[in-house]
Amino acid sequence: MTEQGGIPIKFGTDGWRAPIADEFTVANVRVCAQALCDLMIETGTASKGLMVAYDTRFGSEMFARQVSDVALGNGIAVKLTSAVTPTPTASFTVTRENAGAGVVITASHNPGKDNGFKVKSPAGGSADPEMITQIESRIPAIYADSSRIKSASASVQPTIIDHRDAYIEAIKAFVDVDAIKAAGVPIAIDSMYGAGAGYLSSILAGGVSPTTELHPEPNPAFPGMGQPEPIEQNLTDLISMQAAAGFDVSVATDGDADRVGLVDENGRYMSTLETFSVIIHHLLSRKQWVGPVVTTVTQSTMIERLCAHYGVQNPRTPVGFKYVGPLMLELDAIAGGEESGGFAYRGHVP
């Protein structure tokens, strides 16, 4: 257990994650929520409200409602998603709602025993290191005195929202979906029992590129895989289906659908490093986008070579989108990526 001063709450590369009912408890989630609310009040962002979302893990909706209760008790308006929501959709919704911050209850690709508390900045991306430090610095005093944690009266409730359709329309405006739909390319999708179920199939519906979805039903145990991370050892079912049915491409998303894994037409798993390199080649060569490409220090040197070839910068950051996203905004970068399979693009969500 990683602790700060005996407190079992420590934010990592993207949020705080811990075993459910051990460290990830209602009480500790409420501590985190109060720390965020205190920061929002002190920085003047509380008036914009808080957006709260959750994934398919055990207790996620309940934990999300605990966060909502604390925020409402602090006089902060809350918009709570009406159903399981992918983290990218939640990030998009923070910006669409012009919220002061966002919280997503998810442990991303961790094993099913874990849950987590991700904080989103007003820009929609992962909260930057300064924001996380400000939240963490407030936790000890709250942890020592639970009376500081506010609760809402029964008459005060969050506003329930559903931006699934709005997010899908934003994707269709950002990507040439019609070209994919018209290509006649059979596509397999593995949502790994997670929050991304139904999204890609809905985006590509109505064309002549048929989609087949694997593991679309929510299951917090994530059976048959060590954890819902779209890496080769967790995609044996998808790879077997690819080999048997001959899909042109297979796409997998992790537990909260902010990471992607690909299997090519030959049934070969493409590493996340290869995948991002293909994407960057597409943006620089075919789309002819111009601007820096931000990556973490563990990204492939293939990106460096591509950027050098096309004459664009490739600044590197420490691991974590809390570093990548802010630098993307600062440099107006065309894209950002990390080795884990999380990618972002100019004009969408950082």
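How many bridges join strand β7 to strand β9? Select residues 187-190 and 249-253: 4 bridges join these two strands, β7 and β9, which run parallel. Strands here are DSSP runs (E, at least two residues), and helices are runs of H or I with at least four, numbered from the N terminus. Two strands pair if DSSP finds at least two bridges between them.

This is a predicted model: local features need pLDDT of at least 70, side-chain atom pairs count only at pLDDT 80 or more, and totals for chains, interfaces and linings use all residues. Residues are numbered from 1 along each chain as its sequence is written, and side-chain values use heavy atoms, with hydrogens and water left out.

**The sheet**

Pick I189. V251 in β9 stands opposite I189. Now show the open sheet of 5 strands, ordered β8-β7-β9-β10-β11 with mixed pairing. Its edge strands are β8 (211-214) and β11 (269-270), each pairing on one side only.

**A residue in a loop**

Go to V156, in the loop between α4 and β6 (159-161). V156 is partly exposed, with a relative accessible area of 34%; buried means under 20%, exposed over 50%, and partly exposed in between (1.4 Å probe, protein chains only). Select L200 too: 44 residues along the chain from V156, with 36 Å between the C-alpha atoms.
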